[in-house]
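The sequence and the structure are shown first.

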Amino acid sequence: MNRRDDFFDSPVGLNDDMKSINDMVYDETNHIQVFIFILGESGAGKFTLADNVFFQLRKNFEVYARYNMPPDSNTEVLLNGVYQQAYQCLKLYNPGFEQPVDLPNDDTAVKLRRLLTPRNQAASSKKYLLLVVGGISSINFLNCLKACLPDDKAVVLILDTESEEVTRHADTMNQGRTNKTLMLSRLDEARSGQLFCARAFSGEKNTKGNAEPSMKNEREEKTKYNKTVYKITGGYPLAIVLLAGLLRFKEKHGQWEAKLQELSPEGPGAELSEEKCVNPAARTEANLSTTTGTVIDRVFWASFDDLPKDIKSCFLYFAAFARHTYISAHEMVRMWVAEGFVVKPELGKTMEEQGEDYLKELVSRCLVQIVHANASRGIQNVRVHMRLHGFLRSKVREAGFIEIHDMHDAFVPQSARRIAFKSFDSRYTMPRNKFPKLRSFICNVAEGDKSSANTDDSGNTTSRWRCAGGADVKKEDMDDIKFLNESKFLRVISIVGLKLEKLPKEIGDLIHLRYLLVRSSHLKVLSSVIRRLLNLQTLDIRKTKVETIDPGFWRIKVLRHVLAEILTLPETLEEELGELQTLHGVHPAMASNWSQQNCPLHKMTNLRSLELHGFVDATHGAALDNALAKMHLLGHLKLKGDIIPKCVFVGRCLENLQTTQLDGTLRWPMTDQEIKDIRKLRPNLMEVALEGSNDAATELELIGYKRVPRRFKPVYRLPHYLPIFR
């Protein structure tokens with residue numbers, strides 16, 4: 001798989017636009033700050049262009065950040081998002097970076113300004129700062145972001161937007177220099193065909209050899225649809241890729257022709273005239289949005305209706321999450337499994353693997369976009385195009401599939417089966433109703449506490465925030481979820497950002513609960529009733545302070561995923577946890593002494609992913625080494641201890657290991673031949689990250705691994721995996 005395959009959006013048909021942006025960035029008349037805008041209608045390819053521009057240009061800048069502002073969010077969300085992205089870049093890639101010291105009352109604007117202030121005055125051939133930001137729809141947002149930028153360093157700010165008002169305002173910031181706005185128009189017929197072929201025929205090989213006649217026939221086969229595709233899509237990239245994704249799941253010729261005729265603007269059997277095709281030059285500004293909606297709507301709903309029933313439910317679930325946000329692929333798949341959307345897989349495949357196949361089909365159909373892939377080439381984060389997200393919202397509202405609410409819309413009908421609540425300013429209004437039919441509750445609140453709040457002249461709430469990382473909160477200011485006590489059919493609870501000191505004891509009565517995710521820095525204790533959730537598959541308590549859990553929890557036989565930060569493992573386990581696939585953020589019990597008989601990991605031999613810290617070789621090493629040797633399905637391993645077990649690289653085990661992150665003293669094989677044998681013994685090992693460990697450049701480079709730039713940890717990957725990662 002390469003960088004331009006199904007798993008990523010490629011700039012097909014946008015090469016000239018990319019060159020135009022590049023020329024604007026490196027224009028010799030540029031002053032210190034340059035503001036470049038990508039302006040265009042929804043579905044014109046702004047996000048794809050901005051994404052590819054960012055990944056092409058970032059190597060020429062010392063600091064860079066890519067952020068998409070969710071709709072309906074505020075300035076605080078924008079500045080905090082840019083801060084997090086810039087901080088990660090500085091921390092990972094800039095030698096000598098020291099995190100600036102923030103004062104308790106500093107707001108996010110002050111912190112961002114301080115973070116972006118250059119501290120290293122050494123001469124550099126690179127420009128200083130590249131920001132690529134999407135979704136800015138207000139002049140106020142842009143002014144607040146500009147106020148945080150350094151005045152004396154080369155800064156390039158690229159924004160993709162649909163707002164002409166914001167674009168005109170940005171032009172004044174460029175102080176009368178050459179126009180820095182790229183108007184992204186729809187594709188012409190040739191480029192439309194090029195993009196369609198890149199998606200519809202992706203992965204196909206020429207089975208007739210390399211003879212010239214075959215190549216000619218292949219070109220004719222691919223270009224014969226150009227005119228029809230252009231007439232149906234009007235050159236909108238979003239409509240083109242949706243059409244290509246739809247046809248990829250149809251047989252060529254018979255089914256293709258039938259579907260194309262069905263999608264014809266004049267209906268099946270009609271011959272389109274040149275005048276009635278979607279011609280950008282013939283459109284007036286008054287009917288432009290109507291035309292756009294008609295074209296993209298028609299193709300989207302055809303693609304949606306073509307989905308298998310089980311995958312259709314999975315796709316609708318994306319409506320529960322805010323627009324323009326990145327969604328964890330693993331979390332989404334686990335929720336699908338908990339909901340019962342994933343049908344029983346074929347023999348030898350897990351429910352999660354079946355769910356991942358569903359997700360890959362949505363990607364192949366171009367209904368979902370991959371944002372990040374992990375080192376093992378799996379899907380890490382995904383997003384749904386904002387336009388498609390709007391379609392999903394209307395569909396779930398019409399079908400009563402999910403009730404979506406925010407802080408301004410607190411009323412929820414009692415008959416709701418699924419509730420999604422979101423807020424970008426940490427405010428949460430507890431519903432007053434009881435929901436006896438509720439199956440899922442998904443809540444995402446911006447994680448922060450208001451130290452003060454005021455209302456400006458426009459009626460907007462402006463706030464000064466402080467980090468919620470453990471700050472004391474008055475008991476009366478804590479949130480609660482007691483209204484869920486009567487929802488006996490709950491299968492999914494996902495709560496991010498609420499100030500929860502504890503979960504209600506009544507949660508132990510939710511016997512159908514399969515998925516429980518709580519991320520709250522105030523949560524320190526889980527009630528012992530957790531052991532009564534006998535159908536629980538996933539417990540995700542990352543970003544909490546929960547250290548211990550009732551021993552009875554580890555007797556839940558259907559447990560599949562346990563993710564935490566500082567959770568203590570039981571001293572021993574009596575029964576096998578044969579369904580457990582993921583175990584993250586755990587450590588041995590204090591003063592425990594593992595043996596071959598009592599090591600709990602010996603009862604978890606079907607793990608696919610393990611992250612363990614706090615072990616000591618003298619008391620845990622031998623048992624840990626023995627347990628790892630039995631984990632033949634393990635694909636990801638993260639260890640932090642005094643001495644890393646030798647079996648990580650030695651012995652005929654861990655043959656499916658793909659990625660490993662190690663923090664501790666490494667025990668390397670002694671001879672060059674033993675080192676070379678690592679590639680044979682670990683044939684799937686793609687990445688080795690060494691954090692706090694003795695560097696192993698000589699050993700790893702001897703067997704073909706290449707170092708990837710990182711600040712705090714050396715990371716080594718096999719060369720043929722390097723190009724696809726962003």
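## Basis and overall composition

Two residues are in contact here when heavy atoms of each lie within 4.5 Å. Among contacts between residues at least 6 apart in sequence, 61% join residues at least 24 apart. The model is predicted, so that local features need pLDDT of at least 70 and side-chain atom pairs count only at pLDDT 80 or more, whereas totals for chains, interfaces and linings use all residues. Residues are numbered from 1 along each chain as its sequence is written, and side-chain values use heavy atoms, with hydrogens and water left out.

The protein has 20 helices and 24 strands; these are DSSP runs numbered from the N terminus, with helices being H or I of at least four residues and strands being E of at least two. Of its 726 residues, 54% count as buried, a class defined as under 20% relative accessible area, with exposed over 50% and partly exposed in between, for a 1.4 Å probe and protein chains only.

## Nonpolar cores

A nonpolar core is a set of buried Ala, Val, Leu, Ile, Met, Phe, Trp, Tyr and Cys residues joined through side-chain atoms within 4.5 Å. The largest such core holds 93 residues, of which Ile158, Phe196, Phe315, Phe318 and Trp336 touch the most other members. Helix 10 gives the most to this core, with 9 residues. A second, separate core of 83 residues includes Ile419, Ile549, Cys599 and Leu624.

In soluble globular proteins, nonpolar side chains tend to be buried together.

## Packing around helix 10

Helix axes are lines fitted to C-alpha atoms over the stretch in contact, and angles run from 0 to 180 degrees between N-to-C directions. Helix 9 (residues 226-233) packs on helix 10 (residues 237-247) at about 120°, with the axes 9 Å apart. This makes helix 9 oblique to helix 10; angles under 35 degrees count as roughly parallel, over 145 as roughly antiparallel, 65 to 115 as roughly perpendicular and the rest as oblique. Val229, Ile232 and Thr233 of helix 9 make the contact with Ala239, Ile240 and Leu243 of helix 10. By class, this contact has 5 nonpolar, 1 polar and no charged residues, where Ala, Val, Leu, Ile, Met, Phe, Trp, Tyr, Cys and Pro count as nonpolar, Asp, Glu, Lys and Arg as charged, and the others, Gly among them, as polar.

Helix 7 (residues 189-200) also packs on helix 10, at an angle of about 35° and with the axes 8 Å apart. Its side of the contact consists of Ser192, Leu195, Phe196, Arg199 and Ala200, facing Pro237, Ile240, Val241, Leu243, Ala244 and Leu247 of helix 10. The classes are 9 nonpolar, 1 polar and 1 charged.

## Helices 14 and 15

The axes of helix 14 (residues 329-339) and helix 15 (residues 351-364) come within 9 Å and cross at roughly 115°. Ala329, His330, Val333, Trp336 and Val337 in helix 14 meet Met351, Glu352, Gly355, Glu356, Tyr358, Leu359 and Leu362 in helix 15. These residues divide into 8 nonpolar, 2 polar and 2 charged.

Beyond its neighbours within four places in sequence, the contacts of Trp336 include Cys314, Tyr317, Phe318, Phe341 and Val342.

## A buried loop residue

Leu500 is found in the loop between strand 14 (492-496) and strand 15 (515-519), and Leu500 is buried, with a relative accessible area of 0%. The C-alpha atoms of Leu500 and Ser520, 20 residues apart along the chain, are separated by 6.2 Å. Neighbours within four places aside, Leu500 is in contact with residues including Met478, Ile481, Ile495, Val518, Ser520 and Leu523.
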